[in-house]
Amino acid sequence: MSFFDTVRIAFRALLKNKMRAVLTIIGVVIGIAAVTTIVSIGQGASKLVSGEFEALGTNVILVFPGQTRRGGARQSGAPTLTTADADSIGTECPAVLAASPIVGSSGQIIYGNENWNPKQIQGVGQDYLTVRNWELEAGGFFSTSDIESNAKVCVIGQTLIPKLFRTVNPLDEMIRVNNVPFRVIGILGKKGANMVGDDQDDVVLMPHTTVRKRLNGSPLDNVGIIMVSARGTNQMGEAAKQIETLLYERHEIGPSEEPDFSVQDTTEIAATLGIITGTLTLMLSAIAGISLLVGGVGIMNIMLVSVTERTREIGIRMALGARGKDILRQFLIESVVLSCIGGAIGLLLGTGASMCANVLINVYKPGTDWPMVISIPAAVVAMGFAAAVGVFFGYYPARRASKLDPIDALRYE
Amino acid sequence: MALIELDDVRRVYDLGEVKVHALRTVTRQIELGEYIALIGPSGSGKSTLMNTLGCLDRPTHGSYLLDGEEVVTMNRDQRAKIRNKQLGFVFQNFNLLNRTSALENVELPLMYGPRVSARERRDRAMEMLGKVGLADRYHHHPSQLSGGQQQRVAIARALVNRPSILMGDEPTGNLDSRTSREVIELFRELNELQGITVILVTHDQNVARNAKRTLVLRDGEIVEDTVDFQLAKVALEHDPALEE
């Protein structure tokens, strides 16, 4: 018998018991819908996480000052990195796109009658925007000469505008930071909250020299962190290696000695977070998969009933020349058709549910920008899984049907 | 070479504590184009013999050559193939598939044989339904047909693969006398005009009388094999228990 005929006969047999067919596939529908929804939401979450890391600055590598050794006493957080280190990382490492020193500070900003304590006051290099892949909304950034001359200029984030300026255009206005007057020369583009919930727009940037000398009053040329961006995600490892080699050389550290700095690659953190969301998704999928299993048992149950009910039909078909494998195939295809229909409905329901989830998340947590992920491979896998359930749970009843004795089957009442 | 050659065929049902000898020993030949009635009291083994001849059952002893091929040593699939190609079955309760049209019932054997296109399958089934006079009822389901019509659909189904043997297990058992006669007439026509070998199991003497050769079974053995129905009738009514 041809495959097409077998499928047609399977549909015919199922249509004879519509209610039963519908009830039977509900288990598979729920199973597939649950798996689809969870996988979709899980993939949305990992996409969100990796998106956040991209927003941190494309391909960012952080270089931290490390411990130093002074007469046998080790000391952490020592000022071992200098502006010169940052400059040479930017110019001498081929895999590095740009590098910027960062010097932190804090303090109160006053404009007219208003005051505000921003989360971050940072002294940075000229290439900072390139490193972080940020853009200016208005005005300009400080130049090399601004840095050399410790110029009292700053670039502000969006959050400061309503807090300090209200309706006034901040450009070229003078603000006071810890009583030092600064001129606002640029405004950063809006970036929103990061994944931890910190407002990334609550920031004031100024030349690192200015921060060090005018705000912190430090005589040293050290920097807090050097932030580096690689030329591409695939060059992260290469860039990190080049930075290490360069700093080993510059700091005259022998190969057996411990370095006085550490290089941290943000993709590592991203990868770790990715593993966490991936594992969670997998775990939840496994739980949802159990309902698929229960659905499969339902199919098996109904197929066993069906084989018993149709014993006579099986006998007739055998008398007319059906071989065991013809009967096996007929019942197997029937259960696969059942589970595939269930799978298709489940897939549609699951997609609908993940769309709803997506809308709800974006409504209740605005700004998260939760991405909608509908993956074709996942859909294919889900359908394949449904078909596999049909084969697995349909095999035993079908085999039982195919092993019937034709005479006994014909006599069955 | 005869169409069917049975040599010391025995069938024993092993029920654990007791062994039932449904067929004690049967050695017989049947030629192509014969019309045979198997008669005998209940439990005489005529159904077992029928199932054996129909390749539905396998003897526990002996040899059964069908068209020169040994059936006894065949596996299930080989016997299924023989049933499909060489044998047509008609049953007492028609055994049509419910909620399936007459046409599709007749198409069934063609689905299990060598690949035939859907169009040819339909054409051949329609032709067969025409021969049994039911061409205009092809789309009716069995429940919409009378008993006689259902049996004619079953006969069309049995013949659609052009078998050499048509087997009937009490084919008129569920029919009234008028439709019985119609069906008997159909068997006779098929035998005489188309040369199909017909083998029937029956209780109905009118059916048996119509056959050209009658085998009478008793206790798993053939006690009479005659072309004269009167002799068969005597053998059937003869009760060995009364002789003692």
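**Angles, contacts and strands**

Trainee: Why are helix 3 and helix 5 of chain B called roughly parallel to each other?

Mentor: Their axes cross at roughly 30° and come within 7 Å. Axes are lines fitted to C-alpha atoms over the stretch in contact, with angles running from 0 to 180 degrees between N-to-C directions. Under 35 degrees counts as roughly parallel (over 145 is roughly antiparallel, 65 to 115 roughly perpendicular, the rest oblique), so helix 3 and helix 5 of chain B get that label.

This is a predicted model, where local features need pLDDT of at least 70, side-chain atom pairs count only at pLDDT 80 or more, and totals for chains, interfaces and linings use all residues. Residues are numbered from 1 along each chain as its sequence is written, with chains lettered from A and ligands numbered from 1 in the order in which they are written.

Trainee: What makes residues of helix 3 of chain B "meet" those of helix 5 of chain B?

Mentor: Contact needs C-beta atoms, placed from the backbone, within 7 Å. By that test Ala102(B), Asn105(B), Val106(B), Leu108(B) and Pro109(B) meet Val153(B), Ala156(B) and Arg157(B). (Nonpolar is Ala, Val, Leu, Ile, Met, Phe, Trp, Tyr, Cys and Pro; charged is Asp, Glu, Lys and Arg; the others, Gly among them, are polar.)

Trainee: How many residues does each chain bring to the contact of the two chains?

Mentor: Chain A gives 17 and chain B gives 19. On the chain A side, the largest share, 4 residues, comes from helix 10 of chain A. That side has 9 nonpolar, 3 polar and 5 charged residues.

Trainee: How do you know that strand 1 and strand 2 of chain B pair?

Mentor: DSSP has to find at least two bridges between them, and here there are 8, in the antiparallel sense. Helices (H or I, at least four residues) and strands (E, at least two) are DSSP runs, numbered from the N terminus. One example: Glu5(B) stands opposite Gln29(B) in strand 2 of chain B.

Trainee: What makes strand 2 and strand 5 of chain B edge strands?

Mentor: The open sheet has the order 2-1-4-5. Strand 2 and strand 5 of chain B each have a single partner strand, so one side of each is left without a neighbour in the sheet.

Trainee: Which way does strand 11 of chain A run against strand 9 of chain A, parallel or antiparallel?

Mentor: Parallel, over 4 bridges, with Cys154(A) partnering Val184(A). Strand 10 of chain A also has 4 bridges to strand 11 of chain A, but those two run antiparallel.
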